[in-house]
Structure formats: structure tokens, C-alpha cells
Amino acid sequence: MPEQQRKQRSTPKERVEETDEVTTAPSERGEKLKGELDDLLDEIDEVLEENAEDFVKSYVQKGGQ
Amino acid sequence: MAVPKVCGIETEYGVVLRGAADANPVLASSMLINGYVEHHKVGWDFEDESPGRDARGSLREGAQPPEIETHLVNTVLTNGARYYVDHAHPEYSTPECADALELVVADKAGERVLARSMLAARRLLEPGQEVVVYKNNSDGKGNSYGTHENYLVDRAVPFANLVRHLLPWFVTRQVFTGGGKVGSENGAAPVDFQLSQRADFFEEEVGLETTLKRPIVNTRDEPHADPQLYRRLHVIAGDANLCEVATFLKVGTTAIVLAMIEDDFFEAAAGAGGRKDYSIVGPVPAMRTVSHDTTCKATVELSDGARMSAVEVQWEYLRLAQKYADETGLALCGGELVGGDVLRRWEAVLTALETDPSTLDGQLDWVTKLALLDAYAQRDGLSWGDPKVALLDLQYHDVRPDRSLYERLVRAGKVERLTTEEEVVAATTEAPVSTRAWFRGGCLARWPEAVVAANWDSIILDVGGDPLKRIPMMEPLRGTKAHVEHLFDTVATPAELVARLSS
């Protein structure tokens, strides 16, 4: 796992400062985030099980503790 | 008086055998373990098991240890964990850990063990068949399976004190421990999405049961340690977490709260003008009230008539914990490094829950899952009742790295990790250094054939010729790396080890 993902996100205040450093305009940033999210959802489509309805219906467990 | 918060997590994974006509879950679970452990499987020593013993002081007649009823395949791993079949589920019990961060690593290592087991099980299956496991707590059809935490607690603490302060604790901590779930079950009011996988399944306040009429506070009294000195608090009111921050907070905050109860800190604070306790009127329905409200604003009634939201009750516990840390220190709860981080993150999470819970995407499971489902449903114009939304919920918990939606989010850099993958992989074979798990794991790593059986508080060795030797391990903080590394390095055989220990 890359080091930067371990970086501590502590207080919300610090996170606000972090985003302030980004130089792109808010609208561009919004576009970029939306693009990333779209890519992620497309990626998820590729790994999702087929026949959602049957799949979910067939997931039945015996009760445990 | 507070004792060190040795802790562990047991997870019953959901399991399916795909591509088979007879999808027997016990068989599927067995295949995982048999596939993972090719050679020597270590037996479990049931000598000290007594799940029918009640912390309130009775032994239920005819109560059979559930492990004995259902134990089919069992093994103990070199990392000190127990891996076995329980109630038609594969169960992974982490080794005993000394603090919340160590336990996050051990819990994540369990996911990796299950992932490898799924691959290994393929060798035992017909082509086209696959065993798949899910780290969740419900099948969405009214069947639940548990993720239990365990904490070492001072035997001298009256159990009633634990109950008094833990009922409101378990009701309100759901705001950060919840695994997130689409819909409701078990007769609960309909809801699109709720915080917890488990909340709908609690029907009693206090009790011994774990599989039906589940109580918020479980009274099973099996210390797995010196019973004169210790209890093991067996917590069944928690969700399986994938987010490391959620596991860290769940364990870290509960450890501090337990230390405060042991040190009578609530009572001391009440003397100084604080509330005596935070007892909630009707904690069972309150579990659902809190879980069913994703805004985290719903209030519950306290026994003194006040109405507070779960987050407000959490603030009160946090303020007390901060005071406790100032006055007593956190040496028993992971020290400044871990305990201090728990307090800082706890505060940050409560602040965020109060202002905008969605900012905790990537830290808490329920928020992360909700954000993902929302985005997906919005893109495709799906309603909450759409099977695809239910599938996303289920597949968030898929333990196969290439199918897990949680894992997709990690890879996309959207989830905060507290561990490195290197330490997680190491923890699949190496035991935590600072508990007796190190001794158990060390014996298994060095002399697998000599370990006839083990359990949490003893290990049975075959040293050749003589009767089997049982080594008691009644003190969870003895047998650490610091204690036994030198011993291990200076003995060549299990017989020598036993001779040295008894001399």
C-alpha cells in the first residue's frame, strides 16, 4: 500500500487546509472528482455478479451467533 | 481496578458454495480450512470451555458448549489465531492483541487468510465450483451471524456496573461501528438504509444467548484466563468492519470505556456533578432508533428524562475519557501512541457526524457504503429496493480481492488505511509480540507435529514417550516475545522446553 494512504487524516480543520492548497478552480476540481467517480462505477460494473436478483435471492445463510 | 485491555475479535463469515447442487455450508466451511491447512491440524482442547456459565452467577442446566456441538474442523495457526467451523460458518478468531492497532492488523490478516483459503479450496472442488465468503453479519433475509469482540476485564468489577455503562455504550457507538445495511429485518420497521448490520437482531438487554433472542450485553462467563483475576467481556453487539479506522475506533474506544468502568470513573465524575450514568429507556428499541437514522440526529430517552442523540451521548463518554486520560493515563489502553490516537480520532469522528457524516467516507463502513450505493443508484436511476443495490451491499463485503467492492475503493485511494499490506501479510503467520499468543504461535511454528492440542489458556505437547504435557497459560500477558524469545532460542526440542519451564 502506498505510503500516502497511511497518512493520518486527523481533524476536519486540517483537511480543509489541505484542499485549499489545490490550485485548480473549484468547478474543474468538481469535474475531475466526477470523472474519477464515473471511472470507479464503471470498474465496479465489471466485477459485479451477474443476475443481481437471482444472486441476492440465493444468498441465504444459516443463522450463527 | 483497570487491567490491561488485552483484546481479540471473532468473525463468523458468510459462506456459499457456488456451482454445486448440494451447497452444504458446513462442508464449504470445512473445505476452506482443509484447503488452507494442508498438513497438521491442531486440535482444540475443550477442558476449560464453559459457554453455559453466566456472569451473573449461574450455570445453565444442560447448556452444551456450542463448540462441542458443532466442532468439525479446527486448527490453530502459527500467528496464534483459531480457525474453525462454527454454526455452519467459517470462523476466524484473532490471536490476543495488546491494543487496538495490533488488533486492526490481526483482524485484517484474518481476511487475507480467508482469501487464500478460497483459492486453496479450489483444489478440493469440482471444476466450476467455488467457495465464496463475505465479511458481513446478515444475509438480508433474517439470518444473522456474529462478529464478537473480547476484552480482558477485572474480575472484581460487579457485572451490574458493566451492564449499566455498556448498554448505552453499545446503543450509541453504532454511529461509528456500523457496517451499513440496505433495508431492515427481523420485524423492524422498513428503512432504505441503516447504520448497522446487527441492530435489528437484538431482542434482550442482558443475557446468555448468542444465537437467538440476542442480548445487547452478553453474560457468557468464560475468562480463558485466571478466573480469580479476570473476566473476558464477550461483546456480541458489534458489526464486522472492513474499514480499518472503524475497527480501530470500535476496539480502542470500548477498551477505554471498560477501563473507566473498572476504575469507577463514572461514579467519581458523578460525585463531581456529572451524570451518574447514561441509562437509556428501552435500549432494545433504541438500538434500532439509532441504527435506522443516517442523519445521526434521532434522540433516545435517558432514565432521568433527558433526550439525547447517540452522538450527544458519545460526546459525554468522550469528555469523560479525555478526563480519565489526563488523570490516569492510557497505559492500559495502548499508551499515548494508540490510546491517544483513539481519543483524537474519536473526537474528529463525532465532530464530523454532527456536522456532515458524509465527510467520513473512507473511514467508516456505513458512510463509505452509503456513498457508493448512492452514487451508483443515482447514475442508473435505481430505487433502494432494486436488487442491484442489494447486490452492491453484499459485494462490498466479498472477501475475494478481485470481487470486493471495498477493495476497489481501497485501490482507488478512497479508503484510509492504518496498516501496511506488509504487516498484514506478516500477521497471517506471525503472532502478536506482546501477549501469550506469541508463545502459542512460537510452539506451532517450531514444532507443529508436537502440538497435539491448544486453546486460549493452555497448550498440549507430545514430547515423546511420556504422557502428554499440558502447559497452562492462564495469564494473557505472559508468554510474550520479550518473555520467551530467549527460551525458544536456547531449547532444541519440545521436551527441552517443557523441562526448562518446569525447572
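Which residues does Met260(B) touch, not counting residues up to four places away in sequence? In this predicted model, local features need pLDDT of at least 70 and side-chain atom pairs count only at pLDDT 80 or more, whereas totals for chains, interfaces and linings use all residues. Residues are numbered from 1 along each chain as its sequence is written, and chains are lettered from A and ligands numbered from 1 in the order in which they are written.

With that exclusion, Met260(B) touches Phe265(B), Phe266(B), Leu320(B), Ala321(B) and Tyr324(B); contact requires that the C-beta atoms of two residues, placed from the backbone, lie within 7 Å. Met260(B) is also among the residues with the most contacts inside the largest nonpolar core, together with Ala100(B), Val131(B), Val171(B), Ala255(B) and Val349(B). This core has 141 residues, and its largest share, 12 residues, comes from α6(B). A nonpolar core is a set of buried Ala, Val, Leu, Ile, Met, Phe, Trp, Tyr and Cys residues joined through C-beta atoms within 7 Å, a residue being buried if 20 or more other C-beta atoms lie within 10 Å of its own. Helices (H or I, at least four residues) and strands (E, at least two) are DSSP runs, numbered from the N terminus.

Chain B is assigned domain 1 (7–357 + 416–426), domain 2 (360–411) and domain 3 (437–502), with bounds from an automatic or database domain assignment. The C-alpha centres of domains 1 and 2 of chain B lie 22 Å apart, and their contact takes 30 residues from domain 1 and 21 residues from domain 2. On the side of domain 1 of chain B, α3(B) provides the largest share, 4 residues. That side comprises 18 nonpolar, 7 polar and 5 charged residues, where Ala, Val, Leu, Ile, Met, Phe, Trp, Tyr, Cys and Pro count as nonpolar, Asp, Glu, Lys and Arg as charged, and the others, Gly among them, as polar.

The axes of α11(B) and α12(B) come within 10 Å and cross at roughly 145°; axes are lines fitted to C-alpha atoms, for helices over the stretch in contact, and angles run from 0 to 180 degrees between N-to-C directions. Lys369(B), Leu372(B), Leu373(B), Tyr376(B) and Ala377(B) of α11(B) meet Val389(B), Leu392(B), Asp393(B) and Tyr396(B) of α12(B). By class, this contact has 7 nonpolar, no polar and 2 charged residues.

Between the chains, 41 residues of chain B are in contact with 26 residues of chain A. To the chain B side, α12(B) gives the most, with 6 residues.

Note on methods. A residue is buried if 20 or more other C-beta atoms lie within 10 Å of its own, exposed if 12 or fewer, and partly exposed in between; C-beta atoms are placed from the backbone.
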